[in-house]
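Thanks, everyone. I have a few minutes on one model, so let me put it on the screen.

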Amino acid sequence: MQFIAVATICLLAGGAYAAPAEVKYLNGDDLPKCPADADQAGECIKNIMNELIPRLRKGDPDLGIQPYDPFVIDRLSFQYSSGAVSGRISVRNVKLYGFAEHKIQKVNVKIDGDKIKLRIVSQLPKMNLLGNYKAEMLVNSLQLKPKGNFNVTLFDVENRVVTDGEFYNKDGRRFLRIKDIDVNPKIRDMIIKANGIFPDPELDELALNVANSYWRDIYGIILPETRESWAPIMLRLINEALSHVPIDQFIHGPE
């Protein structure tokens, strides 16, 4: 059952892929202008993010941003190895519902020269993930090749994100590039549904009962173990989005 939890965590952390388009920039003329002082900028940045999340839920073709409620992920694969469990997991045709209800609660900004550290706390009341999965797993000496559908619902997700980044200049404008990211999602409750884990449907039901009873223990082990899989994906996707957002429209970096 661990591979269902692995898939859920990596999807939650990884987000969706937006196909690259001709480079155009987000126009923020109607958005707040934040103070240059980093100590005062956090509340302003929070307000901008809370304005843009629902506004862009339908996507923006000019910026290469696809609609993100639902997020659609055609395919995602990753390796997993922890203790007696190892293998490869692939998910297809995944839809994530609820992201547009994401609310940023707090943003803390620290700037040192051209370096920036952001600490962000956000809340998501509910997220539903559904799609298809396939895996090749080795559990002790038992080889499993599960394949089927999954439907996972997360309740009251609190994300605590810490990023390290840097400012850079392009086309006469100032942008932000994230160099490292650490994400710690906390979930009040999770309901996991899936089939195809075992050939016997009764064993499927037993595995799901165990997973839904002990998902917190599984989650606590899997999140750090899979960081090498999801962190690079997050960095790439975030930086692709940030490449369309001139930061000097909203907050002035160092000169």
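Start with a charged pair. Arg-160 makes a salt bridge with Glu-158, with the closest N and O atoms 3.1 Å apart. By salt bridge I mean a side-chain nitrogen of Lys or Arg within 4 Å of a carboxyl oxygen of Asp or Glu. Arg-160 counts as partly exposed because its relative accessibility is 40%. The cut-offs: buried is under 20% relative accessible area, exposed is over 50%, partly exposed is in between, with a 1.4 Å probe and protein chains only.

Ground rules. This is a predicted model: local features need pLDDT of at least 70, side-chain atom pairs count only at pLDDT 80 or more, and totals for chains, interfaces and linings use all residues. Residues are numbered from 1 along each chain as its sequence is written, and side-chain values use heavy atoms, leaving out hydrogens and water.

How many salt bridges are there by this rule? The count is 11. Asp-156 and Arg-188 form one, at 2.5 Å from N to O. That pair links distant parts of the chain: Asp-156 sits in strand β6 (residues 147–170), Arg-188 in strand β7 (residues 173–194), 32 residues apart. Strands here are DSSP runs of E, at least two residues; helices are runs of H or I, at least four; both are numbered from the N terminus. Asp-156 is partly exposed at 29%, and Arg-188 is partly exposed at 48%. There is also a network of salt bridges, linking Lys-115, Glu-166, Arg-177 and Lys-179.

Now helix α2, residues 38–55. At 1.5 Å a residue, its 18 residues should span 26 Å, and the end C-alpha atoms are 25 Å apart, which agrees. That expected span is 1.5 Å times one less than the number of residues. An α-helix has 3.6 residues a turn, so residues three or four places apart point the same way. Is Lys-46 buried or exposed? Lys-46 counts as buried, because its relative accessibility is 14%. Glu-43, at 48%, is partly exposed. The buried residues of α2 pack against β3 (103–112), with contact meaning heavy atoms within 4.5 Å.

Last, the core. The largest nonpolar core has 65 residues, and Phe-150 and Leu-154 have the most contacts inside it. Strand β4 (residues 115–139) gives the largest share, nine residues. A nonpolar core is a set of buried Ala, Val, Leu, Ile, Met, Phe, Trp, Tyr and Cys residues joined through side-chain atoms within 4.5 Å.
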